[in-house]
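Q: I would like to learn how to read this structure feature by feature. Could you take me through it slowly, giving the general idea before each case?

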Amino acid sequence: MAEPKENPLMEKIVSLCKRRGFIFQSSEIYGGINGFWDYGPLGAELKKNIRDCWWNDMVRRRDDVVGLESSIIMHPKVWEASGHVGGFTDPMVDCKTSKQRFRADQIFFSSVVVDGKTVDYVSVLESERTAEELQEKAETLKRRKAIQGKLDPVRPRDFTEARPEEIPLVPSPATGEPGSLMPPRAFNMMFETYVGALRDESAIAYLRPETAQGMFVDFKAILDTGRVRIPFGIAQIGKSFRNEITPRNFTFRSREFEQMEMEYFISDQDDWEKWHRYWIDWCREWLVSVGVAVAHLSEYNHPREKLAFYSKGTTDIMFRYPFGEQELWGIAARGDYDLSQHAKFSGTSMIYFDEATKRRYIPHVIEPAVGVDRIALAILCSAYNEDQAPDEKGNLETRVVMRFHPRIAPVKVAVFPLLKNKPELVQKAKEVRDLLRPHMTAFYDEAGAIGRRYRRQDEAGTPFGVTIDFDTLGEKPELKDTVTLRDRDTMKQDRVGISDLLPLLLQKIR
Ligand code: GAP
């Protein structure tokens, strides 16, 4: 439902993810469940590496950021204070005929105007080609209905902008026919559950729709541990849940996903724009350091008039996915709104006392918030590459290679005995694997021709391959106890001493 038009690159990436065990549809043997995904062996390693890199860079290597792991289910009042109970809604549209449900702001429509008169309406689901597709539909409609005259260019609007009298005239994207779309209505995206044995109103609780509230609610507790002083940040990685109306674009918009958020508290008198810029630059540089293609990154500043009343400014770091340019990381300057709300709803003071100036104030916050799954998808899209490489017989064939940054690659090194039926080669290869395994993910593979094994690792994005051959065993005495080290990207092979292998690889994967 609501999938964009076929996208050859995206299809290749999705198919590789499934074939190689990066990402599967959740509960696939039961037909799947929309908006939920499982990460297979390679995907789980990839995600873990993303989380570890972020945690190391954001928390462990800084003096001014501390970590937190708050619970997923919190007191229901948290979500009243945060505004999620009242306002965390998307405008939703039902199609009576197909029973499909759409986000109103993802249905685009236009009147079809010929010689200045509206003769009909066309609609499409939002894509990179929304305007072009609407124009094509308008032209087809004019031809099909043999309408004479000059067609005006279409003027795309989203369905939230439809006037009441236009609603019955706009075709449903599901059926192509008008008359079945209902007026948009607000739909709260929080998943509800019950805490305890009673299933009544008083037991309702929510799966958190963001990790951020944990940092605000625990602000006082962390402050009271005495380790932190303004400016400082609280960071957390964890699952969030949103009952998205139209989960789509593979893992991009899911119903269960993981966030990495950090709340950076600053003085109410500090220059928030300076900190905002600092964190935008930090996030951008960090993305590049884990292999997100810099050429696909851009920034989008939310227009002032679309910001929440308390917000001072929000900038999104955008990534050009194969299905279009989309939000990857949002960096918001939220003033003192969140802490003030929790002070009001809980009755607990959120005032900070500044020892140096003897001033009391509610800190302001800068919030860089990102989804691990969106980063994983941006990394998969950045890494996907096809080139030409010689096969066993020296003929060029297309090679699919995932050019992951070594820091983030699920498997760092693959170890191969040249032949599997030579026990001395196998034994030596397993010794080399055991030497490397305590320090990095090392994969042992003896199945099939060596060229095939290289190809399999290229698809998995393993940056280094180590082959144990007869020279390793001393066939040429001067090469005894050396191996070949193959570089995934250049396919170049160097002879390296086994004793040099570990320090060399550790340096390369850092
Ligand atoms: N605390 C602020 C907050 O949650 P958001 O823009 O709603 O802001 C932050 O979410 C980030 O979380 C987004 O930039 C995106 O990377 C990720 N994210 C949000 N909704 C998502 C979804 N349905 N599926 C996957 N990732 C999502």
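A: Let us begin with helix α12 (residues 450–460), which is mostly covered, as 8 of its 11 residues are buried. Here helices (H or I, at least four residues) and strands (E, at least two) are DSSP runs numbered from the N terminus, while buried means under 20% relative accessible area, exposed over 50% and partly exposed in between, with a 1.4 Å probe and protein chains only. This is a predicted model, in which local features need pLDDT of at least 70 and side-chain atom pairs count only at pLDDT 80 or more, whereas totals for chains, interfaces and linings use all residues. Residues are numbered from 1 along each chain as its sequence is written, and side-chain values use heavy atoms, with hydrogens and water left out.

Q: Which residues of α12 are buried, and what follows the helix?
A: The buried residues are Gly451, Arg453, Tyr454, Arg455, Gln457, Asp458, Glu459 and Ala460. After α12 comes Gly461, whose phi is positive, near 80°.

Q: How many residues of α10 are buried, and what span does α10 reach?
A: The expected span of a helix is 1.5 Å times one less than its number of residues. Helix α10 (residues 372–383) has 12 residues and reaches 16 Å from its first C-alpha to its last, close to the 16 Å expected. Of those 12 residues, 11 are buried, so α10 is largely enclosed by the rest of the structure; among them are Asp373, Arg374 and Cys381.

Q: How many salt bridges does the structure hold, and which parts of the chain does the pair of Arg248 and Glu126 link?
A: A salt bridge is a side-chain nitrogen of Lys or Arg within 4 Å of a carboxyl oxygen of Asp or Glu, and the structure holds 49 of them. The side chains of Arg248 and Glu126 meet in one, at 3.8 Å from N to O. This pair links distant parts of the chain, with Arg248 in the loop between β12 (232–241) and β13, and Glu126 in the loop between β7 (117–125) and α5 (130–144), 122 residues apart. Arg248 is buried, with a relative accessible area of 6%, whereas Glu126 is partly exposed at 33%.

Q: Is Arg359, which meets Asp268 in a salt bridge, buried or partly exposed?
A: Arg359 counts as partly exposed, at 24% relative accessibility, and Asp268 is partly exposed as well, with a relative accessible area of 30%. Their side chains meet at 2.8 Å, N to O.
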